[in-house]
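Please look over the sequence and the structure below before reading on. The paragraphs after them go through some of the features in turn.

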Amino acid sequence: MTLADTTEAAERMALTLAQGGMQKATARVMAAFLFADTDSVTAPELAEQLGISSGSVSGAIKMLSTVGLIERAPAPGSRREHYRLRYGAWATLMSAQNGIVQAMFEAADEGIAAAGPDSPAARRLEEMRDFYGFMFRELPTLVERWHAERKQPSR
């Protein structure tokens, strides 16, 4: 795997992902997947390319796999595990966010009940609840529209 002339862009991407809340090593691994010159990479390749520990790469792979951004890739003849960016990763990630959105909605609703309906806290929590309720209703439709606009590439 080589990042070739894309190293600077990949590092900017990693910085953006980290600023968005992703762990720094995970952000760098994610950027490496996005900018890889090959369809799949191994953990040792990532560690060497990025100059980070195999433990950091392993943790990043576990996290990125858990949220559905990467997956194991077939690699006939190789004894190492290969990973690739998952097709539909972004829609999968947003779909998974709907559970978090629902939890935030429910937490705000519980907060309103605890604070009392006419309190300043309730007014703030109502805005939060209404926003997350809107997002919960709209995210599935947006993901469906995204799928309708995309054509699945052949693998």
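What follows covers an annotated domain, a helix, a surface patch and several salt bridges.

This is a predicted model, in which local features need pLDDT of at least 70 and side-chain atom pairs count only at pLDDT 80 or more, while totals for chains, interfaces and linings use all residues. Residues are numbered from 1 along each chain as its sequence is written, and side-chain values use heavy atoms, with hydrogens and water left out.

UniProt, in an unreviewed entry, places the feature "domain: HTH marR-type" at residues 22–81. Its positions are given in the numbering used here, feature names are shortened, and annotations may be inferred rather than shown by experiment. The span is 55% helix and 10% strand, and its end C-alpha atoms lie 24 Å apart. Helices (H or I, at least four residues) and strands (E, at least two) are DSSP runs, numbered from the N terminus.

Helix α6 covers residues 120–149. A kink of about 35° lies at E138, shortly before the proline P140. The bend at a residue is the angle between axes fitted to the seven residues ending there and the seven starting there. The buried residues of α6 are A122, L125, G133, L139 and V143, where buried means under 20% relative accessible area, exposed over 50%, and partly exposed in between (1.4 Å probe, protein chains only).

The whole structure has six salt bridges, each a side-chain nitrogen of Lys or Arg within 4 Å of a carboxyl oxygen of Asp or Glu. In one of them R28 pairs with E11, the closest N and O atoms being 3.3 Å apart. R28 lies in helix α2 (residues 24–35) and E11 in helix α1 (residues 7–19), so the pair ties together parts that are 17 residues apart in sequence. R28 is buried, at 18% relative accessible area, whereas E11 is partly exposed, at 34%.

R72 forms a salt bridge with E81, with the closest N and O atoms 2.8 Å apart. Here R72 is exposed, at 56%, and E81 is partly exposed, at 42%. R129 forms a salt bridge with D130, at 3.1 Å between the closest N and O atoms. Salt bridges that share partners join D109, R129 and D130 into one network.

Notes
Expected span 1.5 Å × (residues − 1).
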